[in-house]
Amino acid sequence: MKIEKLQNDFREKISADISLVQEGINRYRIFSPFMFDDGDHLSLVLKNDQHKWYFTDEGHTLMHLTYEVDYKALQRGNRQKIITNVLSSFNISDRDGELVSEIEGDQFADNFYSYVQGLIKITDVSYLDRERVRSTFWEDFKEFIESKVSEQRREFNYFDKAHDPESKYPVDVRINHLPRPLFIFAIGNDDKCRDVTINLHQYERWKVPFHSIAVFEDQEQINRKVLARFTDVSDKQFSSLALNKERVEQYLFEKMSGNGA
């Protein structure tokens with residue numbers, strides 16, 4: 001394979017800003033204009049192994065995603081589904097975190113363009129199909145609570161069987177074995193914030209003893225009027241789970257140990 005001819009083919013079919021630099025036997029670094037949202041360039045390598053040519057990111061793409069998302073979170077739930085669908089659509093294989101695409105025949109440029117498209121789609125996981133990805137906040141919240149509160153003391157999707165047998169006013173998590181149980185709510189959008197406000201008002205009307213905690217996905221995204229009404233009935237709020245895990249953990253510890261107010 002003549003690398004000069006291949007480079008010219010890439011430049012003619014994809015971008016004039018592409019260049020290939022040999023880094024060893026049958027290994028070429030591909031420099032291109034393709035970047036992540038933060039300005040870092042995609043890591044792209046062309047290699048030959050056992051007489052097969054393939055493109056690889058050498059694990060860089062998923063590693064880059066872990067700057068914002070825990071690696072384990074990429075391997076479950078909706079994030080995993082989105083990534084798996086992208087890999088399948090663009091014929092990319094995941095080899096223990098290394099994303100590779102074998103080249104069919106001599107279609108180097110066509111395969112490369114498809115490969116880059118796939119990598120970019122994967123890096124869009126934070127906003128690709130927003131409504132589906134948004135639900136990962138609940139997954140992250142649930143996993144966090146499960147890791148900090150024993151199964152004997154927590155109850156997800158709680159409702160008051162005496163006052164609310166049809167579960168019209170659910171509580172995301174109830175922490176038990178306290179003078180006043182803790183009601184914890186995970187709030188990801190305006191609608192959920194409104195619903196929780198109504199639920200808390202209803203429990204007050206029923207004169208049910210409780211203490212409430214709200215954990216937001218991103219409190220800054222909540223409408224100011226909606227948040228103001230919610231603040232009137234909420235005991236404690238954390239502006240985001242991602243930035244306040246240690247604070248939430250400490251607060252839960254104090255409440256469950258009887259040291260909290």
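Modeller: In this predicted model, the side chains of R27 and E58 form a salt bridge, with N and O 2.5 Å apart. R27 belongs to strand β2, residues 27-31, whereas E58 sits in the loop between β4 (52-56) and α2, so the bridge ties together parts that are 31 residues apart in sequence. E58, with a relative accessible area of 34%, is partly exposed.

E58 has a further partner in K47, and here the closest N and O atoms are 3.8 Å apart. This pair, too, links distant parts of the chain, since K47 lies in strand β3 (residues 44-49) and E58 in the loop between β4 and α2, 11 residues away. The 3.8 Å separation still qualifies, because a salt bridge is counted when the nitrogen and the carboxyl oxygen are within 4 Å. Both pairs involve members of a network of salt bridges that links E23, R27, R29, K47 and E58. By the same rule the count comes to 11 salt bridges.

The side chains of D191 and R194 meet at 3.0 Å, N to O. Both residues are in helix α7 (residues 190-205), where, being three residues apart, they are separated by about one helical turn. D191 is exposed, at 52% relative accessibility, and R194 is partly exposed, at 38%.

D37, D38, D40 and E68 form a negative surface patch, and residues of a patch have no salt bridge. Of these, E68 is located in the loop between α2 (60-65) and α3 (77-89); with a relative accessible area of 72%, E68 is exposed.

Two further residues complete the picture. S212, in strand β10 (residues 211-216), is buried, with a relative accessible area of 1%. Beyond its neighbours within four places in sequence, S212 is in contact with F183, L200, V233, S234, D235 and K236. Q117, for its part, lies in helix α4, residues 108-123, and counts as partly exposed at 33% relative accessibility. The C-alpha atoms of Q117 and F34 are 9.4 Å apart in space, although the two residues are 83 residues apart in sequence.

Note on methods. Residues are numbered from 1 along each chain as its sequence is written. This is a predicted model: local features need pLDDT of at least 70, side-chain atom pairs count only at pLDDT 80 or more; totals for chains, interfaces and linings use all residues. Side-chain values use heavy atoms; hydrogens and water are left out. Patches are made of residues with over 30% relative accessible area and no salt bridge: like charges are joined within 9 Å, nonpolar side chains (Val, Leu, Ile, Met, Phe, Trp, Tyr) within 5 Å. Accessible areas come from the Shrake-Rupley method with a 1.4 Å probe; for residues, only the protein chains shown count as cover. Lys and Arg count as positive and Asp and Glu as negative; His and the chain ends are not counted. The place of a charge is taken as NZ of Lys, CZ of Arg, CG of Asp or CD of Glu. Helices (H or I, at least four residues) and strands (E, at least two) are DSSP runs, numbered from the N terminus. Buried means under 20% relative accessible area, exposed over 50%, partly exposed in between (1.4 Å probe, protein chains only). Contact means heavy atoms within 4.5 Å.
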